[in-house]
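Let us walk through this structure, beginning at the ligand and then moving out to the backbone.

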Amino acid sequence: MAHPPPPHRLKTSIAIIGAGDVGSTLAYTLLHDSICTEVIMVDPKKELLEGQVRDLGDATYGGRSGTRVRAGTHRDASHSDIIVITAGAKQKEGETRLDLLTRNLAILKSIFEPMKPINSTSIVLLVANPVDILTYFAREMSGLPESQVLGTGTSLDSARLRGELSRRAEVAASSIDAYVLGEHGDGQFIAWSSASIGTTPLHLTLPPNTLTPATKAEIASHTRGAAGAIIAAKGCTSFGIGSVAASICKYIIFDSHTVRPLSFFQPELGCCLSMPAVIGRKGIVRAMRIELDEEERGFLVSCAENLRGVIRGAEEGLKEVKE
Ligand SMILES: NC(=O)c1ccc[n+]([C@@H]2O[C@H](COP(=O)([O-])OP(=O)(O)OC[C@H]3O[C@@H](n4cnc5c(N)ncnc54)[C@H](O)[C@@H]3O)[C@@H](O)[C@H]2O)c1
């Protein structure tokens, strides 16, 4: 006799490792937009964790959200559809993202050890910085296929770029296709040659003589420096990244095959950095080809070289810790 089909699985669960500013803002966005049925928060600071879960729970009782929020362990998190890692030491004013590396690699290790083995269909989304390097090491530490480990990368920088172009072109940010690629950090670059508004190349949509090298440099510096400026003013960035990370979770849960610049492993470059990708329930469904001009290709190659150097340094550091 044929077996009945398996019962339809209604529960969708997203675990957030790290209940600080970014983790709690992401949780709030997930429940506000009812992106999943359950959010599991994990953090070693028990009082903070309990406070965040209670406060977030209060936000669900008004009837706007069907999402339940609870505290859990790393082990509970390992059964979730998506595991978002926001746990990390905070970037201090004036500190580069790469300075955070040693501290955050140790935290990353302490997260993956108790989670093993992770549900084979889970997607791991890295948010903590330096996100490209942590995504590289999370691939090895998680034991999951490469396509299931990704980082938010330059998706936030790209959102900031769209915001700035939207202001200048007086067109909704959602109508602008323009990507910041490479490292989420100093090694990022704007793929100007492929930027468009609707189907029109960017230079034809802005007022005449607007897209000069000086303006491009000004926009790039605005995009690159945004995080630092916000951290200087309020101590962290949380709403922008919370919103961007929640959107990525939605694309995964709804298997939407949306194209976004995300950090994932680039075999020909030997590191993780942001390039456009199609994202869905399997994580990185496929890389999206993008044509770069010669200058942009140069930026990409030197960004990858720099990231590989950091990875080599971190691998040495990890070896020394083991010995
Ligand atoms: N990728 C991006 O675009 C982006 C944007 C903003 C912030 N960030 C990064 O996100 C990270 C978090 O920032 P934040 O402002 O929320 O910091 P935060 O200090 O407010 O929160 C971090 C939390 O992680 C927790 N934590 C530490 N070790 C843990 C572990 N082993 N398991 C679970 N939780 C653990 C801490 O207790 C803390 O509550 C930082 O690395 C920051 O640089 C990235």
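Ala, Val, Leu, Ile, Met, Phe, Trp, Tyr, Cys and Pro count here as nonpolar, Asp, Glu, Lys and Arg as charged, and the others, Gly among them, as polar. The model is predicted.

With those terms, the shell around the ligand divides into 14 nonpolar, eleven polar and four charged residues. There are 29 residues around the ligand. Nearest to the ligand come V22, D43, T86, V127 and N129.

Where does the ligand sit? Its place is the largest pocket. Domain 1 spans 13-151 and domain 2 spans 155-314. Both give residues to the shell, so the ligand lies between them.

Now look at the helices. α1 (21-32) supplies at least two residues of the shell, and so does α4 (101-115). Which element gives the most to the shell? That is α4, with four residues.

Next come the polar atoms. Here a contact means a pair of N or O atoms within 3.5 Å. At D21, a polar backbone atom is 3.0 Å from an oxygen atom of the ligand. S110 uses its side chain instead: a polar atom there lies 3.3 Å from a nitrogen atom of the ligand. For T152, an N or O atom in the side chain is 3.3 Å from a nitrogen atom of the ligand. How much of the ligand does the protein bury? Taken alone, the ligand exposes 870 Å², and the protein buries 90% of that.

Find P117 in the loop between α4 and β5 (123-126). The peptide bond from K116 to P117 is cis, with omega near -5°. Move on to P130, which lies in the loop between β5 and α5 (131-142).

Finish at E170. This residue lies in the loop between α6 (155-169) and β7 (176-177). E170 is not a glycine, yet its phi is positive, at about 55°.

Technical notes
Residues are numbered from 1 along each chain as its sequence is written. This is a predicted model: local features need pLDDT of at least 70, side-chain atom pairs count only at pLDDT 80 or more; totals for chains, interfaces and linings use all residues. Side-chain values use heavy atoms; hydrogens and water are left out. A residue is near a molecule or strand if one of its heavy atoms lies within 4 Å of it. A polar contact is a pair of N or O atoms within 3.5 Å; within protein, one must be able to donate a hydrogen and the other to accept it, and residues adjacent in sequence count only if both atoms are side-chain atoms. Accessible areas come from the Shrake-Rupley method with a 1.4 Å probe; for residues, only the protein chains shown count as cover. On a 1 Å grid over the protein atoms alone, a cavity is a set of points where a 1.4 Å probe fits but cannot get out, and a pocket is an open set with protein on both sides within 12 Å along at least five of seven lines; lining residues have an atom within 4 Å of a point. A molecule sits in a cavity or pocket if more than half of its atoms lie within 2 Å of its grid points. Domain bounds come from an automatic or database domain assignment.
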